[in-house]
Structure formats: structure tokens, C-alpha cells
Amino acid sequence: EEAGYTVARGYSDYKAKSKDAGKMILIQEEGKDPSCLPYAIDRKSDDLTLAQITESAIDFLTKGKNKGFFLMVEGGKIDWACHGNDAATVFNEVKDMDDAIKVAYEFYKKHPKETLIVVTADHETGGIVLGTGKALQYQKHSADGLSRRISELRKSKGNKVTWEDMKEFLGEEMGFWKQFPISWEQEKKLRDEFEQSFVRNKVVFAESMYSKSEPMAARAKEVMDQISMVGWVSGGHSAGYVPVFAIGAGSQLFGEKIDNTEIPKRIAKAAGYK
């Protein structure tokens with residue numbers, strides 16, 4: 001700890017090291033990606049979570065202070081997953097954000113007269129249309145994680161992956177054939193990509209704003225969307241309306257459709273800023 005900074009290698013370290021720090025920095029364990037949290041669907045037991053970060057921030061901001069605080073928490077990888085049209089990953093990211101909101105809500109219950117919680121988004125991404133299929137729960141990794149595992153499968157088999165190998169792999173990773181049936185057309189889509197990528201070795205990586213993945217992973221994701229009846233308009237930002245949820249002191253200021261630029265103004269008004 002130098003110059004008032006606290007560097008925490010993990011969530012548990014933070015509580016022990018932050019008593020007198022002026023600032024708090026939470027980072028992943030050494031060897032992990034320091035730029036962002038992993039997708040919730042790919043998370044390992046020693047990864048930080050958004051809920052842990054939220055709890056740590058609230059704990060830090062309420063230590064020995066009586067002036068109140070403003071905290072902004074972003075579930076930023078919801079957007080990343082939507083750019084990649086990866087529905088199962090999106091839903092896990094939304095659930096992860098919900099877990100962080102629960103932490104804030106527990107604080108609100110202890111201080112209901114002086115706490116305002118606002119939940120919103122800066123935009124919608126992908127133009128997602130939700131269906132009623134129930135297959136998404138069987139997807140074990142994000143499309144990025146699936147892509148990495150496909151690359152590992154290539155290496156482990158010395159670039160001699162068979163269709164039976166791929167069917168077994170997709171059965172484990174996506175639930176295809178094992179957890180639910182897929183149609184002849186859907187299997188053909190996967191088989192055609194297998195012939196292109198693994199037999200002819202013509203691999204053209206699928207790209208979105210934040211990822212680049214094996215084409216087989218892209219086809220598997222498309223089949224999962226079909227089975228789950230999830231639709232996408234694009235891989236970019238849309239002009240769709242986003243919800244604004246509010247509870248607590250000043251929440252009555254958020255009761256109708258408003259322009260997004262109004263949100264910080266109304267938060268400031270609720271907090272008494274001039």
C-alpha cells in the first residue's frame with residue numbers, strides 16, 4: 001500500500017487491507033485478464049464477481065464517513081455478449097448484474113430514507129427478441145469460451161477431429177443431441193461447417209465488436225438461438241427503449257418515459273445537488 005492506494009489481489013484481501021486507504025483498487029488474481037471480468041458463464045471460483053465488487057465498494061465508501069456517497073456499477077459485458085449475439089451469455093450476465101443489485105438493495109433496506117437505487121442502460125444492443133425455448137441453460141460457456149475449447153480440441157487431435165468427436169463435444173458443451181434433439185436442418189448447418197473448417201481446413205473466423213471466434217462456435221450459437229427461439233436484429237447498438245427502475249429516496253422522479261440525459265440530472269436533484 002503506497003500513496004493511499006489499496007491493491008487487492010482478490011475480494012478477501014480487500015477487507016483486510018483497506019482500513020485507512022483513500023482509494024481502493026480491485027484487480028483479478030495474477031495470471032488472469034486484468035482488463036475486465038470474465039463472462040459470468042465462464043467464471044471460475046477464484047474470479048471476482050460484480051456482486052463482490054459492489055459489496056466491497058459500499059463497504060469502503062461507508063467506512064467512517066457520514067456524508068453519503070454516489071456509486072456507479074456497470075454490468076458492461078451484457079453489451080459485449082449482445083454484440084456477439086450470444087443469448088445464453090447475455091442471460092447469465094443479466095443475472096450477474098441482478099446479483100449486484102441485490103447487494104445494493106440490502107444496503108437500501110438498512111437505509112431506506114436516504115438511499116436511491118436507479119437501474120438502467122445507456123442503450124440496447126442487438127435488437128434481441130426473446131423466445132420461449134428452454135435450451136439455453138445447457139450452454140456451458142460463452143461463444144468466446146466455446147471457440148477457445150474448439151481450438152484446444154483441434155490441437156489435442158492434431159487437426160484430425162472427426163464428426164463423431166465434434167458431436168460429442170457439442171453434446172457436452174451445448175446439450176445438442178444429449179439434452180434435447182436438433183432438427184435435420186440444424187444438424188446439416190453444423191455438419192456443413194465441420195466439413196468446411198475441419199475437413200477442408202478453410203477456417204474463416206467470425207468477428208463481432210469484442211470477439212473473434214471459430215466458425216464452428218458461431219454456427220453452434222446460431223443453432224442454439226433457433227432452438228431457444230431467440231432473434232437478433234444486428235450486432236450493433238439499436239434505438240430501442242431501455243427500462244429505468246428506481247426505488248428509494250427520490251424514486252418518484254423516474255416515473256415516466258424520459259430522455260436519457262435526464263437521468264443524471266434527476267439523480268443530482270434527488271441527492272440535493274445544485
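This is a predicted model: local features need pLDDT of at least 70, side-chain atom pairs count only at pLDDT 80 or more; totals for chains, interfaces and linings use all residues.
Residues are numbered from 1 along each chain as its sequence is written, and side-chain values use heavy atoms, without hydrogens or water.

**Figure 1. The whole protein chain.** The chain holds nine helices and eight strands (DSSP runs numbered from the N terminus: H or I of at least four residues for helices, E of at least two for strands). Its C-alpha atoms fill a box of roughly 65 × 45 × 30 Å along the principal axes. Of the 274 residues, 38% are buried (under 20% relative accessible area; exposed is over 50%, partly exposed in between; 1.4 Å probe, protein chains only). Take the contacts (heavy atoms within 4.5 Å) with a separation of 6 or more: 67% of them join residues 24 or more positions apart.

**Figure 2. Helix α2 against helix α4.** Helix α2 spans residues 50–61, and helix α4 spans residues 87–110. Their axes come within 7 Å and cross at roughly 25° (lines fitted to C-alpha atoms over the stretch in contact, with angles from 0 to 180 degrees between N-to-C directions). The two helices are therefore roughly parallel to each other (under 35 degrees; over 145 is roughly antiparallel, 65 to 115 roughly perpendicular, the rest oblique). From α2 come Leu50, Ala51, Thr54, Glu55 and Ile58. They meet Asp96, Met97, Asp99, Ala100, Val103, Ala104 and Phe107 of α4. By class, this contact has eight nonpolar, one polar and three charged residues (Ala, Val, Leu, Ile, Met, Phe, Trp, Tyr, Cys and Pro are nonpolar; Asp, Glu, Lys and Arg are charged; the others, Gly among them, are polar).

**Figure 3. Helix α5 across helix α8.** Here the helices are α5 (residues 143–156) and α8 (residues 215–228). Their axes come within 8 Å and cross at roughly 135°. That makes α5 oblique to α8. The crossing of α5 and α8 is right-handed. On the α5 side sit Ala143, Leu146, Ser147 and Ile150; on the α8 side, Met216, Ala217, Ala220 and Lys221. Six of these contact residues are nonpolar, one is polar and one is charged.

**Figure 4. Threonine 125 in strand β4.** Strand β4 covers residues 124–125 and includes threonine 125. With 4% relative accessibility, threonine 125 counts as buried. Its side chain makes a polar contact of 3.2 Å with the side chain of histidine 123 (a pair of N or O atoms within 3.5 Å; within protein, one must be able to donate a hydrogen and the other to accept it, and residues adjacent in sequence count only if both atoms are side-chain atoms). Leaving out residues up to four places away in sequence, threonine 125 touches Asp79, Cys82, His83, Trp232, Gly236, His237 and Ser238.

**Figure 5. Histidine 83 in helix α3.** Helix α3 runs over residues 77–83, with histidine 83 in it. Histidine 83 is buried, at a relative accessible area of 3%. Histidine 83 is also among the residues touched by threonine 125. Serine 211 is 128 residues away from histidine 83 in sequence. In space, their C-alpha atoms are 8.8 Å apart.

**Figure 6. Glutamine 139 and glycine 131 in the loop between β4 and α5.** This loop holds glutamine 139 and glycine 131. Glutamine 139 counts as buried at 7% relative accessibility, whereas glycine 131 counts as partly exposed at 33%. The side chains of glutamine 139 and aspartate 86 are joined by a polar contact of 3.1 Å. Beyond four places in sequence, glutamine 139 is in contact with Ile41, Asp86, Ala88, Thr89, Glu173, Met174 and Met224. With the same exclusion, glycine 131 touches Ser228, Met229 and Val230. The C-alpha atoms of glycine 131 and aspartate 225 are separated by 8.9 Å, across 94 residues of chain.

Figure 7. Tryptophan 177 lies in the loop between α6 (163–174) and α7 (184–199). Its phi is near 70°, a positive value in a residue other than glycine. Tryptophan 177 counts as partly exposed, at 26% relative accessibility. Asparagine 201 belongs to the loop between α7 and β5 (206–208). Phi of asparagine 201 is positive too, near 60°. At 47% relative accessibility, asparagine 201 counts as partly exposed.

Note on methods:
A crossing is left-handed if the near helix is turned anticlockwise from the far one by less than a right angle, and right-handed if clockwise.
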